[in-house]
Structure formats: C-alpha cells, structure tokens
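I wanted to look up strands first, then rings, and jot down what turned up.

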Amino acid sequence: MPVAVATLGLAGVVGGLLVAAIALPAVGGAGVLTRDAAHDFFEVPAMLREIPLPERTRLLDKDGKQFAQFYVQNRQSVDLARIAPMMQKAIVAIEDARFYEHAGLDLKGTVRALIANARAGSIRQGGSSLTQQLVKNILLQNARSEGERDLARAPSVRRKLQELRYAMGLERKYTKDQILLRYLNIAYFGGGAFGVEAAAQRFFGTSASALTLAQAATLAGAVRTPYRTDPTLGPEHQEALLERRGLVLDRMTQLGVVPRAQAEAAKAEPLALSMRPEPGGCSESDFPYFCLYVQRDVTANPAFGQTRAERERRLYRDGLVIKTTLDRTAQRAAEQAIAAYVNPKDHEVAAEAMVEPGTGRIRALAASKKYGVNPGDVADGPKTTFNLPADTAHGGGQGFQAGSTFKVFTLATALAKGWRFDQGFDTPGSFVPSSGYRDCSGKRVNAPGTVIHNAGGEGRGGPHSLATGTWQSVNIFYMMLEREVGLCDVVRTARSLGIVRADGKPLKEVPTFTLGVNEMDPVTVASAFAAFGARGRYCRPMAILEITERRGRRTSVAPSCSPAVEEEVADAVNHILSGVFTRGTMKGQGIGRPAAGKTGTNNGYTSAWFAGYTPDLAAAVSLGDIRGAYKHPLDGVEIGGRSYGGVQGATLPGPIWVQSMGEALRDVPATSFTPPNTSRFGGGTTPGLKPEDLAAADPRKRRDDGRGEYYDDGAPYPEDGEDRRGRGPRPRWRHMHDTPRWYRWDPYDDRDLYDDRTPRHRPWYQDYLDDQPRHPWHRPRHRDGW
C-alpha cells in the first residue's frame, strides 16, 4: 500500500506539473487541448523517429503451410480492417475514452484518472492518452540499450514533456485511425505476444478480426499491466486478468459502447483461454533440419545483406514469408523410414536428403536423432545440434566418407570416353596403386604403400566389365578403371556434379578418390545423383522458392542448373545403375518402378551409404557413428534393436532408401528412364566374362499389351514411327503367326533381334528382300519355324 500511495503521489505531482507547464486555458469548457492551441504552445512539435516494428518471419512448405518461424518479438502487424470493431472500442474505452476528441493530451481525462486511481488505491484508469502510450512504445522499440529503455520508462517531468511533444507530432502526422492501428500493432499484451493479432492467436487461437466481446475486453485489459495479467504465469495472474476484463466491460457499459446486459453476459463467461504455443526457432519446428538449412541459407547469403548482422536482422525482425521446397509427404516418408531402422539413442546416426532432379529442390531432410540439446548438455545422447543431412555451411558436421557411391563418377567418365557396357578386364585379388595416377595439378599422387582389397560383400576378383564391376561394386576394378580414364578427369566429373567436401575443404585427389575417401553429406550426394535422373543436368541444391517482404514485394528463386554430363552418357549410367537392383548389391530390393542407385560400403565398415534416384526424385542415405567413424566402425553393432556383424550399404541405408522412396512417390506416376544408345554403349569385350554376365543378358519380364505378348526391357512399348533407341527410321514390328512373340528388325543394326534378343547371322539376300513388297513367305526364318 505505501508503494501504491507513493506511485499515486508521484503521478499527481507529474500531472500537476504538466498542467502548470502547459498553463493553457480550457477550450470549450471541456478542458481539451485543441490542435490550434497545441501548435501555439509547442510551435513545431518534435518528430519522432519510427523504425519498422520487429515482425516474425515465417517458413512455409511448398504448399504454403507454415512449419517454423523466427522472431525477436512475436508480432504480425495487420490492417485496421482485420481488427474486430469491438476490439477497437474496448481498447479506446479503457485506455483513452476521449481519444477521438483531443489532440494528444486530454487534461480533463488526466485529472479524472488521477482522482479515480487515488480513490481506488490502485491504477484503475490510464492518465496518458493513447497517443502518448504509442510514443512510449516507440521509444522503447528505438532503444538500443537497457539504459535507453530505462529513460523511456522514467517517471520524470522532462520525459513527460518530451513525450507530449512527440504525441503532438504524431497527431499532426497521422489520422486517429492510423494512430489507433499503430498502437494495436505495437502494444505488448503478455504471454510473449506483441500486437493484437499475435495476442489473439496466442490467447485464444483465433485472429484479431474474429475476437468476441469477452475476448476483446480480455486483451484490452491485459495491455495496462501485461506482466501482472500474463495467464501463462499461473492462476493468480489469470485471476488478475479476469478482474481487468471486468473493468473493461464496466467502462464500456458506462460509456454506452455496449448494452449492460451484453456486458454482464460477457463478464459471466469463463476466460476460455486456449494458449496456443508460438514456438520460435528451429528447435521448436516440426522439421528442424530443414529449418536449419533455410536459416543458414539466409544468414550466409550476401543477397540478404552485406554483413551477417544485417542478414540476421532481416531474418528475425523483417517479417519475411519464405516459401520453401519442403514436401511434407517426402519428409514424413524419410522420417518414418529412418525411425524404423535406427533409434535416436543409438550412437550410430542415419541421415537422408531427398532432392528433385532437374530443379535441385530439396524435398526432405531427416535424421535419426532429434534436434536439440541433450539433458545435462552431454555430447552423446538422443539429440544433436548438428544438421546431420547437410554440410558444415548449413550447420552440419564433418560428414562421412561416401564410399563406393563415388564409383558413379568414374563410371560416367569411362562412358564419356567411349567405354562400353561389356568392356572390361581381369582383376587381381589385391591391387597397389603404385603408378599412373596424377591429380588435376599434374602431380603424381601414387600410393605404392597402399594395398587395395575388395570390400566384404561388395565384389570379388576375376574378369569384370563396366556393368558387372558396378553391379558387384568391385573396388579393384574401379581403381584400375580410374587409372585408365584418368584420376583428374574423374575429379572433374565429380566437380561438375556439385561434389564438394562436407567440411568445405578441397577434395582429396588421391587414387582412392573413386572409393569415396572424401567425407560427404547427403544433400550434396543426392544432388549429384539427381543429375543423372535429369539426364545429366546438374542443379544446385535449393531450399527457398519465394520470399515475400512485409510490404508485399515478392522475389522468386529460380533453379540454378547447367549441363554436367552428356545426355546419352547419363542414359547409359542410368542403364547400368538400374542393374544394381536386379543383378547387383541391391538385388531383391526395389520400389516397384524404374530406379537406379549405388551402394557405398567403406573398408573396415567405417560408414555405409546408399544413393539412388528415379527421374522424379533422388535420395541419399548415410550411416555412421556420431562419436567418430574410425574409432567406432559399424562392425558388431546393435542398431535399432537389431544386431549386425557388419553394416554394408545394402544392409541399412539401402532398406531405408527403399522404404522412404516408395512412400514419397506413392502417389506420383512412374516415369521411365530414357533407354541407352546401344550402338554407342552396347557390347564390348572382357576376356573370361561369362555370357550370362553380359549387360545384354539382363532378364526381362513378359507382359501382354493386348496386341500379343512381348518381353519388357523396362522401356515402353514402341509406337508406330518410334525407334526405341532414337535413331534412324522406325523399326518394323511384326507378330509371328505361330508364336505369341514379337519380332523386330532394325535396318540400322547388323543383326535380326528376336524375342530374347538372340543375335543371328543376316543372310546375303536380306538386302534384296528389304526392298521388295512384304509377303508372309518373305519373312526371315524363325528358329522355331515359319
């Protein structure tokens, strides 16, 4: 009580000094300071510097649904038309009933408030005009230090006079409705809500335009003492808020704003709070890893500001709406697949990135651990503060060695240099890279002290072609192939496909480059593989589609793409990598549609990968021990409640990829790869290679399209005028009268191809027959009869 009396006494002294300082005669008997009188006394009112209010920045998924937000003050400014009229009336009634009559200072209202508060022994009515309160809030927003904030709140005559001069300036600058709007957007309502829109959402889970009388009175009552009436602080504070609501309703009745019966009915309602949380930052987001990626994109990109401080200000204060590339279907699919195989408490961590071929749009980022700080701030636990699917520039760690996924770059290089599917050589049981390797600076980087072996479960020695060496992921074959095509050329292919180390350091250009000695992140690897799904067109990974500024200006972000690999080379890569699912390390695992991919198992089981793609979506999955890959290999481990003797690419990353991709593409029509140009890439010779190991011997499925059965090699049924390999006039398709099979003859091929693609000798008279009218007896003889 002594404190209240002292406060009231000080308020009385300040009010008296203000009246004495102004010393103006009453105008119209109402004691209202008119605009003309104000101008006569203050001459030219001081202009208050107004900086834009801090607004919350929102992150939206590709469909426009919010999944994260950033702010220093939870605020979303709105126009007056989006604020319920009852809310406007309530705030004016309790804070400044004569708001529309005075010019910034209401002497009669000030004296009346002093008397009413003195009689009540507490603050019942405000003495400052609503315009003066707006000035005070602006000064607090402008404060750059705690000292400046204290000056803005100091109960001194000097501050009051300056505040009044600023209020007069605002009255001359804005209309009454504009002042009211600014006040409703700047005021703090408690519970971390700045502005009436955020308060309506925070307190009642509704918008400011939909506030009822009881809700409007509640918020209007919270403005005067937002901390004492903060309902998040407990029952006592809620009781104080309920009392303030009653005062507002009584005041509205007294002023005739609402009928008494309506006000009494509103007073009888419970508070009915629905305190919707308004989390800020990535740790509170449903998709924290994607949120982190976007956050780092903004704060590290000079396009958002010259300095990091400026970029952070834009993100946390400028009220941006950032539409991202996030696809919730793909995101949920990745999260569920990882959770099915790896537990958050495991030391081993799985991470996955999904990227759209042809655009580089990141569709999902997921990891086995939750994002955040572990209890007790321990380093190892169910949570992590590293953005595991991303590189260090986007908050990730050092990454894991990519293993045999890097063989795809050697494969693409070899095909570009003229290698054919069945071309290869005999490989020994071990290999020493003692000669023939130079990096891109021309320096010899041979490693005569290194002995290369084939990884367990991923290949063996003997004759291998480009196809079988890839399907079985034979290390020694690829070390020899890399030497043959040139280490530097392989590195250049990788760089053209966006390959950079996760830690940002230069790539290690060493003989084991093709074996994935460089540490990578899933986003980078998925983006590189996505280029093959886009027929060699590489697109930089992107997470932002569009940015809308607070004033409505929109900036779209276009994909950044360039041709990295020749289209036909990419088609050939796709053809071989498709065999990984049918004849290679992932045999027996698939997603029910054309897909290609590559396992990655590092020597010593230090990490495991799988990277794969369709023409519609690409994904990369990594697995390794978060405590250190070399100190803690994936050998004799328990992951997700299951025991593993040694984790390979097809053991865990592969199944995660299969499950996640299957779900992510469930509602997406299947798209086939473009068939390879077999005249350019087909055939080849590998001494000792068995006929059943030839790339052309890939088993096919038989199907019936209504015109007779044929053998499906993965390509759609050829239409009239279409050459499946895209060259020359159309091939001729004829149905044999005595067999349910299709026979194809191609005038640009040196062989007759039957249902099983068995090559046969072309008779000398065939050229003559080709130019004659077609009759049944002119058909080439089928091995089973005419």
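I started with a sheet in this predicted model: an open one of 5 strands, in the order β2-β1-β5-β15-β16, with mixed pairing. Its edge strands are β2 (66-70) and β16 (554-556), each of which pairs on one side only.

Next I zoomed in on one end. Strand β1 (residues 57-60) runs antiparallel to β2, and 4 bridges join the two. Arg58 stands opposite Gln69 in β2.

Then I asked myself which strands helix α13 lies across. Helix α13 (residues 288-300) lies across β1, β2, β5 (321-324) and β15 (544-548), and runs at about 45 degrees to β2.

On to the rings. My search of the whole structure gave 21 aromatic pairs. One of them is Phe610 with Trp657, edge-to-face, at 5.1 Å centre to centre and with 65 degrees between the planes. I liked this one, as the pair links distant parts of the chain: Phe610 belongs to strand β19 (residues 608-613) and Trp657 to helix α22 (residues 653-664), 47 residues apart.

Last entry, charges over rings. Lys176 lies over the face of Phe99, 4.5 Å from the ring centre. Arg182 lies over the face of Tyr174, at 3.9 Å from the ring centre.

Note on methods:
Residues numbered from 1 in each chain as written. Predicted model: local features only at pLDDT ≥ 70, side-chain atom pairs only at ≥ 80, totals over all residues. Heavy atoms only, no water. Phe/Tyr/Trp six-rings, centres within 6.5 Å; stacked < 30°, edge-to-face > 60°. Lys NZ or Arg CZ within 6 Å of the ring centre and 35° of its normal. Pairing = 2+ DSSP bridges. Contact = heavy atoms within 4.5 Å. Axes fitted to C-alpha atoms, helices over the stretch in contact; angles between N-to-C directions.
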